[in-house]
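Please read it with the sequence and the coordinates open beside it.

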Amino acid sequence: MSDQIQDRKNKLDAVRALGVDPYGARFPGLTHNAAIRAAGEKLAIEPGQINESPQARFRAAGRLHLARDTGKLIFLTLRDWSGELQWALSKKAIEEASERRSGAVTTGGADVPPGPTALPGEAALPGEGALTGPTAFPGEAVFPPGAIAWQIAKTLDLGDIVAAEGRLGRTKTGELTLWVSHLTMLSKCLRPPPEKWHGLSDVELRYRKRYVDLLANPESQRQFILRAKIIDYIRGVLHARGFIEVETPVLQPIYGGAAARPFTTHHNTLDMELYLRISPELYLKRCLVGGLERVYEFARCFRNEGISPRHNPEFTMLELYQAYGDYHDMMEISEAIIAGAAREVIGSYRIATKRERATERRSDGATEGSDSTRNRGSDPSRGREGAGSSAHPDPSADARDSDDGSRGRSDASDALDFTPPWPRRRYAELFGEHVGLSIDDTAAVRARAAELHRRKQIGLDPSKADDAVVIGALFEHYVEPKLINPTFVIDYPAPLCPLTKRHPTDARFALRFECFVNGMEMGNAYSELNDPAVQRETLAAQLRGEGDETMAVMDEDFCEALEYAMPPAGGLGIGIDRLCMLLTGSPSIRDALLFPLQRAPG
RNA sequence: GAGGGUGUAGCUCAGCAGGUAGAGCAACGGCCUUUUAAGCCGUUGGUCGUGGGUUCGAGUCCCACCGCCCUCACCA
């Protein structure tokens, strides 16, 4: 077990004995693989040739993913977060090179401009490609003399992080290749990485050791880069509409804004019980009272509830509030955010559903299997998920393909269609449609619920619940799973909505919508209640309705805030983790979270 | 909380109806200057999640426990 680690430690010592620090320093002037490849395509290099022009000289770094050592010639496949690049190390060429301070040379990398929509790694980032003189930063990595560099090359292990300088060329087979003249090690990998072809597939290990998942599985990196881009996109939408980002307390003496059990904690110096927030709502509304007219927060929330493929104890919720708006404005913003992210980040209003993706994965697996036996290794472009030599620098490319519907995939009509506007359906109407009972027929509704409870299909015991709660349980059971394409469910039963304005013509309903996609709640919005007297009463009613499981208390300060007058407003909450699940086709929320909570290992 | 599934080498997986634990990758030694999951020759590596039990004999059967996954329930 530790044999391989010991072998690697021995090599670590060997590198040190050569006078090279195996945990190297700053490496300025590097160009990422995708940018090198893009530049290389423009150079029109013939197979078997190396381009000697200054534009073909690059400094590169990355993690060693594959190695093919043919003796005096070594091919390495390097990976960074933009993609892969093949390096070739010729014993003769490297041994002839002399020691070189790393930043002191001109390379082609400086000529690559960052694109406006560049991914991380797609183009030069600040501090990269910028050339620095040898004295500017004394702590730079130094390339050792060639003879030593070659010895280091011979000790490389998969997973090591290395740096090189070289010239672009193509091999006989046409593969764009950096012919390395200078090489050094930047960080020694002491543990063997997962299998090079299958990556890390054990789900438990992928969650517990996400760093291994990320370094071994490019599609995992893609997942989280996409998440970042989705969040960036949302910020852009909100800023364009004049919203400002604010931060409100996670540690709260009184929790509220949702019905959930909180985590509790304690502040030592103040000797005060505190709760981790279950929602930012009541603080964001205080901002409205104070005249911050359009605010939003990407709020990490914590709920001490069950864990499931769509629930994690901590999760990220976008909440935003717009003064002088109402829930109709929130519907429009929801569309702008969600459909916009689908189109701009993923590349299409149509997104493959989980089931489609599952099917796709299975068929891909079959293809892969037959390939490996039929024409094993004969087609380098037939990599796993684009992880091969043609690694695509744009992580959204995979999903974008789902738009053309011409790839023999399952029927495109199964895909989710985010094209706005989305249908607005009244709660009571949908209830009647799918439950088959009138929402007003209390007796029948209760009878149905009792029957479901007897059959253990719903947990709620209707004999112990208010009418509205029973209705809500039936709605969840019958209606929500049917809401596949994006749908706004509007006008909820008022008792379910303690923070919402009543409908002006029918006080039984509240000006609230929830947005459902693929049977999952994605968003929740109100025309916010701003009458302090009504607010105080509905909160009190909600508190009375709570069982003894929660210990919520009236938030007097919040009620007082409303007494200073809160403008009428629309408020919206969107589950960011779930949105990412949806847009990236992830079946579990854990796939949308970098480090999902796992039980402590025994 | 209930039910189902799962746990074998660093990784990906085989392991038949109980009969001394296997492959590929990785690693180690050797050969190779155009490889593409490089190839060839040789070699190392496992308290089969943990603990009990049945049996002459348990990775395999039984029980308990632990982790993970799924379904349901709980949960705006």
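**Notes on the predicted model**

1. Leaving aside its neighbours within four places in sequence, F513 is in contact with Y327, M330, M331, S334, F488, V489, I490, Y492, G523, N524, A525 and L572, where contact means heavy atoms within 4.5 Å.

2. Basis of the values. This is a predicted model, in which local features need pLDDT of at least 70 and side-chain atom pairs count only at pLDDT 80 or more, whereas totals for chains, interfaces and linings use all residues. Residues are numbered from 1 along each chain as its sequence is written, chains are lettered from A and ligands numbered from 1 in the order in which they are written, and side-chain values use heavy atoms, with hydrogens and water left out.

3. The chain as a whole. Chain A has 17 helices and 20 strands, taken as DSSP runs numbered from the N terminus (helices: H or I, at least four residues; strands: E, at least two). Of its 602 residues, 49% are buried, that is, under 20% relative accessible area, with exposed meaning over 50% and partly exposed in between (1.4 Å probe, protein chains only). Among the contacts in chain A with a separation of 6 or more, 71% are between residues 24 or more positions apart.

4. Nonpolar cores. A core here is a set of buried Ala, Val, Leu, Ile, Met, Phe, Trp, Tyr and Cys residues joined through side-chain atoms within 4.5 Å. The largest one holds 47 residues, of which L318, L320, I337, F418 and F513 touch the most other members. Helix 9 (residues 327–346) gives the largest share of this core, with 12 residues. Apart from it lies another core, of 29 residues, with F58, L78, L178 and M185 among them.

5. Of the atoms of RNA strand B that come within 4 Å of the protein, 64% belong to sugar and phosphate. The residues of this surface divide into 21 nonpolar, 18 polar and 19 charged, where Ala, Val, Leu, Ile, Met, Phe, Trp, Tyr, Cys and Pro count as nonpolar, Asp, Glu, Lys and Arg as charged, and the others, Gly among them, as polar.

6. Polar contacts to the RNA. An N or O atom in the side chain of T171 is 2.8 Å from a base oxygen of RNA strand B, a polar side-chain atom of E204 lies 2.3 Å from a sugar or linking oxygen, and a backbone N or O atom of L460 lies 2.9 Å from a phosphate oxygen. Elements that give two or more residues to the surface near RNA strand B include helix 1, strand 1 (57–69) and strand 19 (520–527), while the largest share, five residues, comes from helix 5.

7. Two helices and what covers them. In helix 4 (residues 146–155), the residues G146, A149, W150, I152, A153 and T155 are buried, and their cover includes helix 1 (3–17), strand 2 (73–80), strand 3 (83–90), helix 3 (91–96) and strand 7 (176–187). In helix 14 (residues 467–479), the buried residues are A468, V470, I471, G472, A473, L474, F475, Y478 and V479, with helix 12 (427–435), helix 13 (442–454) and strand 17 (487–493) included in what covers them.

8. Two buried strand residues. T487 lies in strand 17 and is buried, with a relative accessible area of 8%; its side chain reaches the backbone oxygen of N485 at 2.7 Å. A163 lies in strand 6 (residues 161–170) and counts as buried at 0% relative accessibility.

9. Backbone geometry to inspect. Most residues other than glycine have a negative phi, and most peptide bonds are trans. A cis peptide bond joins P420 and P421, with omega about 0°, and P421 lies in the loop between strand 15 (416–417) and strand 16 (424–426). Y324, which is not a glycine, has a positive phi of about 65°; Y324 counts as exposed at 59% relative accessibility. A565, also not a glycine, has a positive phi of about 85° and sits in the loop between helix 16 (556–563) and strand 20 (569–575).

Note on methods
Near = heavy atom within 4 Å. Polar contact = N/O pair within 3.5 Å; in protein donor to acceptor, adjacent residues only side chain to side chain.
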